[in-house]
Structure formats: structure tokens, C-alpha cells
Amino acid sequence: MEQFLEFAILVIVISASGVMAPGPLFAANISYGLRGGAKSGIKMATGHAIVELPLVILLGIGVFSLESFPEFRTTISILGALTLFIFAILQIRTVFREKEFSHPNSKQGALITGVLLSGLNPFFIIWWVTIGFKLISDAMLIWAFSGMLIMFGLHIWMDFAWLGAVSFLASKSKKILSNKNYKILMTGLSMMLIYFGITFLQEIEF
């Protein structure tokens, strides 16, 4: 149980930085939330999950295929750590560069937009083939095949909770999500990314 809790905290903190980061999906979610409230956020998260689940399964199959190579875990630990450092830096720059979040208009429904903005987002793919791949590998090392589903479950609920909450708040106020507290929160999460990046490097056996 203790091992599960430790892994859950790791996944939740690292996932939060990606889930809550400003980006195309976040901006579109606010736009839909202004009109549709929390329901639009749930639809957006569903579209996101439609892309995410097959990707997690493919990466899990990749873990099974690559575990036999002795340098596999060292390589993904290094790539995962470097990506965490880069994401943290870019996240801080983005948060403090943007004075206000834009609210783009779209003719597609929230679910389709969630699919498109996930599948066509290069940062989303990079996150999963580096940081996400590392988390899936760690989960499967502990719980074998079911590990990928455990990791996905610990991650995906945050997408639904965050996008649903953001769209709900957007329907109540356009300025709630662009205040000083949001910047402080994202900076704190970025610092945690750096910390976990360091722990990834400490796992490497020389």
C-alpha cells in the first residue's frame, strides 16, 4: 500500500504540471466553458482520453519489448529527467509571459476539439514518449501489465477534474483563471518537476 501511495503521489504531481499548464487545450476549454460550463470540460477531457488511452497501451507494449535491453531504464530515466527540466522552464516562461488567457472560437464540438488538440499537439506526444513512458515503465515494473492501467487511472482523473473545474469557473467569471494565485501554483508545480527530474537521475545505476 505504501508503494502504491508513493507512486500515486509521483504520478499526480507530475501529471498536474501537464494537465494544468496553459496551452491550446486549456485555452479552448475556457472558450467552451464560457458557453457550456462544466459539461463542456467533461466532453473535452473525454476527447483527450480517447487519444490518450491507446497511446498509453502502445507505450506499455513498447515497455515489454524494450525491458530486455540493459540500457533501457537508464535511457528513459535520462530522457524523462531532461524533459521534466525543459517542461518546467517552458512552463514558467509561458505562465509569466501571458498576461491574459485567450479564448479562441471553434466551430467543432468540445469532444472533437479535445481529440484534435490532443492528437495534433507535439508537446502532448513528447510528454508521453518521455515522461509518461518513464512512469508507465515504473508502474509495469511493480504491477506488470496492469501497471499501465493503474498509471493511466492515476493520471486521467486529473484531466476530467481540472478541465471540468476550469470550464465551470470560466462560465462564472472570465478572470478567475488568470490571477496571481494561478501563477504561483504553476511555479510551484514547475519546481516539483525539477525535483522529480533530479530523482529520475538518482535512479540511474552506473
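A patch, as the word is used here, is made of residues with over 30% relative accessible area and no salt bridge, with like charges joined within 9 Å and nonpolar side chains (Val, Leu, Ile, Met, Phe, Trp, Tyr) within 5 Å. A salt bridge is a side-chain nitrogen of Lys or Arg within 4 Å of a carboxyl oxygen of Asp or Glu. Accessible areas come from the Shrake-Rupley method with a 1.4 Å probe, and for residues only the protein chains shown count as cover.

You're looking at a predicted model, where local features need pLDDT of at least 70, side-chain atom pairs count only at pLDDT 80 or more, and totals for chains, interfaces and linings use all residues. Residues are numbered from 1 along each chain as its sequence is written, and side-chain values use heavy atoms, leaving out hydrogens and water.

**Stop 1: the whole chain.** You'll find eight helices and zero strands; helices (H or I, at least four residues) and strands (E, at least two) are DSSP runs, numbered from the N terminus.

Stop 2: Residues 49-66 are 100% helix, with end C-alpha atoms 25 Å apart. For residues 141-170, the helix share is 93% and the ends lie 40 Å apart.

**Stop 3: the surface patch.** Select Leu53, Ile57, Leu58, Ile61, Phe64, Phe145 and Leu149: together this nonpolar patch has about 650 Å² of accessible area. Helix 3 (residues 38-66) gives the largest share, five residues. Now zoom in on Phe145, in the loop between helix 6 (122-143) and helix 7 (146-172).

**Stop 4: the inside.** Next comes a nonpolar core, meaning a set of buried Ala, Val, Leu, Ile, Met, Phe, Trp, Tyr and Cys residues joined through side-chain atoms within 4.5 Å. The largest one has 34 residues, and Ile14, Trp128, Leu135, Ile136 and Met151 have the most contacts inside it. Helix 6 supplies the largest share of this core, nine residues. Apart from it lies another core of 18 residues, including Phe26, Ala28, Leu163 and Met186.

**Stop 5: Ile14.** Which residues does Ile14 touch, leaving out those up to four places away in sequence? Leu84, Trp127, Ile131, Leu135, Leu193, Phe196 and Phe200, where contact means heavy atoms within 4.5 Å.

Definitions and conventions:
Buried means under 20% relative accessible area, exposed over 50%, partly exposed in between (1.4 Å probe, protein chains only).
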